[in-house]
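Dear colleague,

Please find below the structure that I am handing over to you.

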Amino acid sequence: MDKLSGIYGAIIGDIAGSRFEFKPHRNKDFELLYSFSGNGYSENQTVEDLFKSSHFTDDTVMTIAVANALIEANGKYDNLTELVVKNMKTFGNKYPYRGYGYNFQQWLIRDTVEPYNSLGNGSAMRISAVPYFAKNIEEVKKFSKMVSEVTHNHPEGIKGAEAVAVAIYLALHNHTKEEILKEIEENYYSLDFDYEELKQSYKFNETCPGSVPQSIFAFKISTTYEDTIRTAISMGGDADTMACISGAIAGAFYGVPNNLKKDVLKFIPSEFIDILNKFEKSIL
């Protein structure tokens, strides 16, 4: 399995879901990665063209920011919080117009770094790099909290990120799907949903309690990585973030097909690819 399958799984999910965030697509039949220009990402891409195509959103930008912070920590995590803040602000301001929420956008441009008590799913969508550096579940939870609470210091914001990070960690360490789901249902969320009902009635929800359980449920009922992100998107909610979250778990569990990993590189800046390569070397 690809060493970075959880991170690539998150990024592919984000990009695949980007076209449907505010245009619900309540079935699994759609082109997974679509480029309006035929060339994928371009630094000269207009905002208008950007939103016609599959594109990376704030979910990918913040995933890369956290990954780079972990690289810079170099095994010493006392200053991880400061590194996360620095990288999130650097990358967030370098890549604007990527769907940042209002409060997060204000946090990006402020000189101060105080969190704003968010319970939004932004904490869960950026967490996929954390399990790679944790030596055990206790460190997963510790690092997850450090990464989350710089903005999302509401208990539900911390909980949502931790649930996703724990699921990814267990998947990376060869736990069965039953074991992963048991951990989630006993300690975090009920996953007692009906897929057909979700497709018909689930509404856009940007909070952790309103979208993280549904995202993990997409993994629960899936059969492959691609099936997972198609399922998450087809629920018609916060499509990019839900596919990012479920894709991170599914990528770690199933692995990511080589063709998707190759294709998604066309949709992200070379700078992001360089960071992913450095990240892979840092965990060898």
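**The largest pocket**

The largest pocket holds about 400 Å³ of space. Please keep in mind that the model is predicted. Lining this pocket are 23 residues, and those nearest its centre are Gly-101, Asn-121, Gly-122, His-152 and Glu-206. Four helices are listed as giving two or more residues to the lining: α3 (58-73), α5 (102-109), α6 (122-125) and α13 (239-254).

**Cysteines**

How many disulfides does the model contain? The count comes to 0. A disulfide requires two cysteine sulfur atoms within 2.5 Å. For Cys-208, the nearest cysteine sulfur belongs to Cys-244 and is 12 Å away, so Cys-208 is in no disulfide. Likewise, Cys-244 is in no disulfide, its nearest cysteine sulfur being that of Cys-208, 12 Å away.

Are these two cysteines buried or exposed? Cys-208 is buried, because its relative accessible area is 0%, and Cys-244 also counts as buried, because its relative accessibility is 1%.

**A nonpolar surface patch**

On the surface, a nonpolar patch is formed by Val-47, Phe-51 and Tyr-97, which together have about 330 Å² of accessible area. One of these residues, Val-47, lies in helix α2, which covers residues 47-50. Val-47 has a relative accessible area of 41% and is therefore partly exposed, a class that lies between the cut-offs of 20% and 50%.

Yours sincerely,
A colleague

Notes: Residues numbered from 1 in each chain as written. Predicted model: local features only at pLDDT ≥ 70, side-chain atom pairs only at ≥ 80, totals over all residues. Heavy atoms only, no water. Patch = residues over 30% accessible without salt bridge, like charges linked within 9 Å, V, L, I, M, F, W, Y side chains within 5 Å. Areas by Shrake-Rupley, 256 points an atom, 1.4 Å probe, with all protein chains shown as cover. Salt bridge = Lys/Arg side-chain N within 4 Å of Asp/Glu carboxyl O. Buried < 20%, exposed > 50% of the residue type's maximum accessible area, 1.4 Å probe, protein only. 1 Å grid on protein atoms, 1.4 Å probe; cavity = no way out; pocket = protein on both sides within 12 Å on 5 of 7 lines; lining within 4 Å. Points joined across faces, edges and corners; volume = space filled by probe spheres on them.
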